[in-house]
Amino acid sequence: MRTWASEEAFDAFIGSGGIVEPGDAMPERYRTEVFRFIEMHANSELFGGLCERYWVSRAPGLHRKLAFLAKTQDEIGHAHLLYMVAADLGMKTRPEMLDDLVHGRTRFHNVFHYKAETWADQIVIAFLVDAAALTTQQAVLKECSYGPYRRILRRIVSEEGFHMRHGEEMLLTLAEGTDLQRALFQDALDRWWESVVHFFGPPTKPDDLLIRWKIKSATNEELRDRFVQKFVPMLHDYGFVVPDPGLHRDRDGRWALGPIDWSALGATQRNVGPDSQARIDQSRSAWEDTEWVRTSLAVDALAPSGAP
Amino acid sequence: MNDTTSTLDRDVVTGAVSAVVDPELGGVTIGDLGLVHDVRVDQDGVVIVELLPTFLGCPALALMAVDVERAALAIGARECTVVWRVEPSWDASRITARGVEQLASLGIAVATTARSSPACPSCGKQMLQSINPVGATACRAVAWCGGCRSAIDVMGGRRA
């Protein structure tokens, strides 16, 4: 177990590339920040899984159904790993985190506060939202100072890359399809683009603790910009219109978005977005309906001591 | 019409196919995972690759087949057909030493036999506690390392 005399000494340790391990006497503020970050990630993986599960029976064709089934399992599996690492930080147990989530007391990513109405909506999520998630996770993985999180992120990032290939394949099917299929995707893009842009979060504040302690290595604007430079040209190449009247190239030829209206993001952060309550209710049913499985497996009795 | 027949060597094809990277495991090849069962090249440059899935419902089978076909075509195969075999069944003893090492760097331990209990790939201690027989995919179990307090995936060993 390592200890630090002051927050300044801890800053210096992090600044020189130090990796914090669970047994270390980390500053309480670091513990809180890293816990909240991982809990939010875990919540979002779980909601991603619930959102994809809905499409298992609705996806067109066996191949797509299999893909959605596998992705659902992946997301739930990722949530499982993340909740273990979060619980080990000693701030909340896994049941406490799940109870907070299904009662709407904690947060999850903005994109899960909207309803995916059509198959094309789900493709926007599978391609653009997964790509946005991958962009942020790669940036966290690169320099993250918390050892256990960094280690599971390596696996999660590999698997999210695989999801993106599925998403791209589905997008290409629509892009190369009939006028109706192309119109379906354009319509979904028009309705979802703003929330994809919001996914990266509002501009990072200069004193942000997540950046200071290298829980993440890039600001929200940097991540959004990486995404825009890659995916705006890609959407153009496929012949779609990015629904942002202010979108332009700057003097260096880089893509720049128009002014961003953050009001819709604020609502999702307070769990009062358009579909927030339905999603929370759905997760609560999923949790309560499976109570009998946990009871019959007597998970708690079987869990080895010490494992969160 | 083409002269690939004289130059397409079975070992070269096997090498190219084995170098295909698993779509879900960054950097680990299907050769090192022991998925390549047999490669045949006929006189016309037609390649048949027989692969073993880690489990039948694996969602990555279609993508791997596409990647294998591309790899074979890229080195001059006229055609390539991928066949997924159900026998012999894949098990973790087919993973090469390099594969075990690369999986370890991703935080995935390999239990080469049903009874073996692998060391933690992160800290090397023999302190893995089994948590769940399936994890993010059905070919991996979830364990907790009491040594470095990390969540670990385990390939092979006892299956659900």
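Before you click, one term: a residue is buried if 20 or more other C-beta atoms lie within 10 Å of its own, exposed if 12 or fewer, and partly exposed in between, with C-beta atoms placed from the backbone. This is a predicted model, where local features need pLDDT of at least 70 and side-chain atom pairs count only at pLDDT 80 or more, while totals for chains, interfaces and linings use all residues. Residues are numbered from 1 along each chain as its sequence is written, and chains are lettered from A and ligands numbered from 1 in the order in which they are written.

Start by selecting chain B. Its C-alpha atoms fill a box of roughly 65 × 25 × 20 Å along the principal axes. Color by secondary structure and you'll find four helices and seven strands (DSSP runs numbered from the N terminus: H or I of at least four residues for helices, E of at least two for strands). Of the 160 residues in chain B, 44% are buried.

Now zoom in on B:Ala151, in strand β7 (residues 150-156) of chain B. Why is B:Ala151 called buried? Because it has 26 C-beta neighbours inside 10 Å. Leaving out residues up to four places away in sequence, its contacts include A:Leu81, A:Ile152 and B:Trp144; a contact means C-beta atoms, placed from the backbone, within 7 Å.

Next, show where the chains meet: 28 residues from chain A and 26 residues from chain B take part. On the chain A side, α3 (62-87) and α6 (147-175) each supply at least two residues, and α3(A) gives the most, with twelve.

Technical notes: Contact = placed C-beta atoms within 7 Å.
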